[in-house]
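Please look over the sequence and the model shown here before reading on. The report that follows takes up the strands, the helices and the salt bridges in turn.

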Amino acid sequence: MENKRFPKMALLFISFLYHIAFSAAVVSNRIGINYGRLGNNLPSPARSIELLQSMNVGRVKLYDADHEILNLLSGKNIDVAITVANDEISGIAENQHLADQWVYEHILAHYPNTRIRFVLVGHEVLSSTSTDQDMQIARDLVPAIRRVKNTLKVHGIRNIKVGTPLAMDMMERTFPPSSGSFKPEIREFMVPLLKYINGTKSFFFVDVYPYFAWFQSQVMNQSGISLDFALLRSGNETYTDPQTGLVYTNLLDQMLDSVVYAMAKLGYDDVMLAISETGWPHEGESGANRENAAEYNNNLVRKMSAVPSNGTPARPREVIPTFIFSLYDEDQKYGPATERHWGLLNPDGSPVYQVNITGKGTSD
């Protein structure tokens with residue numbers, strides 16, 4: 001086993017070097033923010049764009065493709081990710097005309113003055129495959145991505161990446177990272193997705209939350225995940241993967257690398273990663289408070305905006321585009337209290353706690 005593993009690791013290393021060289025040349029490390037609007041007390045879109053600018057945000061991710069917001073972002077130095085709704089996926093997958101129409105209405109009507117750089121087809125589509133409709137949307141995911149990308153190609157647009165954000169519940173195993181694997185029931189969807197993303201040099205978008213992994217370990221009375229490790233506190237704790245010998249200093253890197261190894265097991269060693277959502281709640285269940293949220297997000301920003309990039313142990317120096325969740329608390333979201341308390345800003349635009357989005361200098 002040892003003799004067989006090292007050539008594979010060498011091959012992975014070579015592919016990662018190519019991967020890093022490519023990504024470093026074209027990918028910005030400016031931090032993004034998710035702009036969700038499931039609240040009844042939120043500032044206007046115009047005020048929200050002003051606030052994003054005042055925070056020196058590099059990117060913003062929308063959960064739709066709202067025309068008012070895209071118009072407001074015109075001429076702004078902010079890269080934009082827009083989203084195709086889950087209930088639009090099957091129609092676009094079946095009909096190129098619908099894909100053309102969607103691109104015309106939501107991209108061509110605003111591009112290039114609005115710096116649309118990512119189109120995310122669906123949201124966590126593979127998290128639910130329990131109904132016939134869920135399964136149909138899962139089957140239609142890659143065809144829909146392909147049709148949107150084809151329309152962009154026809155119009156000569158090459159600088160917009162098309163992908164889909166997936167949650168960590170796609171994983172069967174995440175620990176140790178080298179054992180990372182996708183759930184068997186979604187592998188039939190994962191292989192064509194990885195093949196297409198790899199072929200178009202797009203990103204594998206992941207919604208990754210160390211908070212939830214840490215919180216679950218507390219609920220189950222497990223002592224394997226410390227708060228220091230989850231909050232990206234450097235120097236306090238390390239973990240060495242017994243299979244690779246890679247040393248981990250935080251839970252986020254472990255979770256990301258478990259996805260890297262899961263992709264490699266399906267034959268895709270060099271698909272680029274992006275973090276479509278991450279963050280820490282400032283109110284709600286255990287561990288959700290302003291101090292922890294501020295520490296996690298400030299540590300995250302410093303890590304992901306560093307020059308040269310830190311990457312992860314399995315992908316050193318790789319630039320990983322990152323979006324923090326979220327701009328505001330959203331009081332109309334369902335679920336436990338934590339779900340409604342991820343915002344960086346209060347409804348009046350003041351900070352819930354201090355975060356330095358640029359990662360430059362010191363943030364208290």
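## Strands, helices and salt bridges

Strand β6 (residues 165-167) and β9 run parallel and are joined by three bridges, and within this pairing Leu 166 stands opposite Val 206 in β9. Strands count as paired if DSSP finds at least two bridges between them, while the elements themselves are DSSP runs numbered from the N terminus, helices being H or I of at least four residues and strands E of at least two. The model is a predicted one, in which local features need pLDDT of at least 70 and side-chain atom pairs count only at pLDDT 80 or more, whereas totals for chains, interfaces and linings use all residues. Residues are numbered from 1 along each chain as its sequence is written, and side-chain values use heavy atoms, with hydrogens and water left out.

Strand β9 is also joined to strand β12 (residues 272-278), by five bridges and in parallel, with Phe 204 standing opposite Leu 273 in β12. Because five of the five residues of β9 (residues 203-207) are buried, this strand is largely enclosed by the rest of the structure; buried means under 20% relative accessible area, exposed over 50%, and partly exposed in between, with a 1.4 Å probe and protein chains only. In a regular strand the side chains alternate between the two faces of the sheet. In β9, Phe 203, Phe 205 and Asp 207 point one way and Phe 204 and Val 206 the other way, and all are buried.

These strands belong to an open sheet of nine strands with parallel pairing, in the order β5-β4-β3-β2-β1-β15-β12-β9-β6. At its edges stand β5 (161-163) and β6, each with a single partner strand, so one side of each is left without a neighbour in the sheet. The twist averages 25° from one strand to the next. Elsewhere in the sheet, five bridges join β3 to β4, which run parallel, and Val 84 stands opposite Val 121 in β4.

Helix α7 (residues 187-199) lies across β6 and β9 and runs at about 125° to β9; axes are lines fitted to C-alpha atoms, for helices over the stretch in contact, and angles run from 0 to 180 degrees between N-to-C directions. The axes of helix α8 (residues 210-219) and helix α10 (residues 251-265) come within 9 Å and cross at roughly 105°, which makes α8 roughly perpendicular to α10 (65 to 115 degrees; under 35 is roughly parallel, over 145 roughly antiparallel and the rest oblique). Pro 210, Ala 213 and Trp 214 in α8 meet Leu 251, Leu 252 and Met 255 in α10, contact meaning heavy atoms within 4.5 Å.

A search of the whole structure finds ten salt bridges, each being a side-chain nitrogen of Lys or Arg within 4 Å of a carboxyl oxygen of Asp or Glu.

Asp 79 is buried at 11% relative accessibility, whereas Arg 115 is partly exposed at 23%. Salt bridges that share partners join Arg 37, Asp 64 and Asp 66 into one network.
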